[in-house]
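Have the model open as you read.

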Amino acid sequence: MQPHRLQCAGGQVMVLDAEVVLSLRKEHRVVGSLEGSHPTNPLQNRYFALPLVLLPEEAAMLAEAGIVELEGDAFVWPEFEHDRLRFALYKDLHQRGYFVDRGIKYGGDYLLYPGDPLRHHSSHIVTLLEGKCPIKPRELVPLGRVGTAVKKARLLSSWNSDTGQFTHITMSWSAM
């Protein structure tokens, strides 16, 4: 199968073809973000149209697997250690069968969906814990509160260099 050709401009990877958008979503669980204005109503900001802009993690994973070829500006990602950790975490969660999307809306790194986000609510807010510094109890409280307020579990993920894998801890508040 021929790889899909995607456009890279200004550090963003864009999908311009609706059939490719559907293929990436159905076959590879890639969500992206529609960011174009709707041709029949360009002044509204509730519904968006093509192009679909991919997360750097999505673009890098698809390119690494040979599913897409990137055209246009050079796409260099992951570039820094933080990016490499995020990419490794994204791939780990994706390989576990989740749809993975941006988590900034709830103060996390990613949101996990058990199925297509058009049909399912996210189940977890993922936070990547970096470095050797232990997390303090006062830092756990707001993470748990946000998760509880939006009816999602908080997944704390850290890279374990001894095992070469991520360690995941799920946290949710409950009444005593």
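The lining of the second largest pocket splits into 9 nonpolar, 5 polar and 3 charged residues, where Ala, Val, Leu, Ile, Met, Phe, Trp, Tyr, Cys and Pro count as nonpolar, Asp, Glu, Lys and Arg as charged, and the others, Gly among them, as polar. Strands S8 (124-129), S9 (153-160) and S10 (165-171) are the elements that give two or more residues to that lining, and S9 gives the most, with 4 residues. Of the 17 lining residues, Leu129, Gly131, Lys132, Ser158 and Trp159 lie nearest the centre of the second largest pocket. Helices (H or I, at least four residues) and strands (E, at least two) are DSSP runs, numbered from the N terminus.

Before going on, keep in mind that this is a predicted model: local features need pLDDT of at least 70, side-chain atom pairs count only at pLDDT 80 or more, and totals for chains, interfaces and linings use all residues. Residues are numbered from 1 along each chain as its sequence is written, and side-chain values use heavy atoms, with hydrogens and water left out.

Now for the largest pocket. Its lining divides into 15 nonpolar, 5 polar and 6 charged residues.

| Pocket | Volume | Lining residues |
|---|---|---|
| Largest | about 830 Å³ | 26 residues |

A pocket, on a 1 Å grid over the protein atoms alone, is an open set of points where a 1.4 Å probe fits, with protein on both sides within 12 Å along at least five of seven lines; lining residues have an atom within 4 Å of a point. Grid points are joined across faces, edges and corners, and a volume is the space filled by probe spheres set on the points.

Which residues lie nearest the centre of the largest pocket? They are Val31, Gly32, Asp101, Pro117 and Leu118. Helix H1 (18-28), S3, strand S4 (49-54), strand S6 (99-102) and strand S7 (110-113) each give two or more residues to the lining of the largest pocket. H1 gives the most, with 4 residues.

S3 (residues 33-36) also holds leucine 34. Leucine 34 counts as partly exposed because its relative accessibility is 37%; buried means under 20% relative accessible area, exposed over 50%, and partly exposed in between (1.4 Å probe, protein chains only). Together, Leu34, Phe48 and Leu50 make up a nonpolar patch on the surface with about 230 Å² of accessible area. Patches take residues with over 30% relative accessible area and no salt bridge, with nonpolar side chains (Val, Leu, Ile, Met, Phe, Trp, Tyr) joined within 5 Å and like charges within 9 Å. A salt bridge is a side-chain nitrogen of Lys or Arg within 4 Å of a carboxyl oxygen of Asp or Glu, and the areas come from the Shrake-Rupley method with a 1.4 Å probe.

On to the backbone. Most residues other than glycine have a negative phi, and most peptide bonds are trans. The bond from leucine 50 to proline 51 is cis, with omega near 10°, and proline 51 sits in S4. Another cis bond runs from tryptophan 77 to proline 78, with omega near 0°.

Arginine 29, not a glycine, has a positive phi of about 55°; arginine 29 is in the loop between H1 and S3. Lysine 151 has a positive phi of about 60° and is exposed, at 75% relative accessible area.
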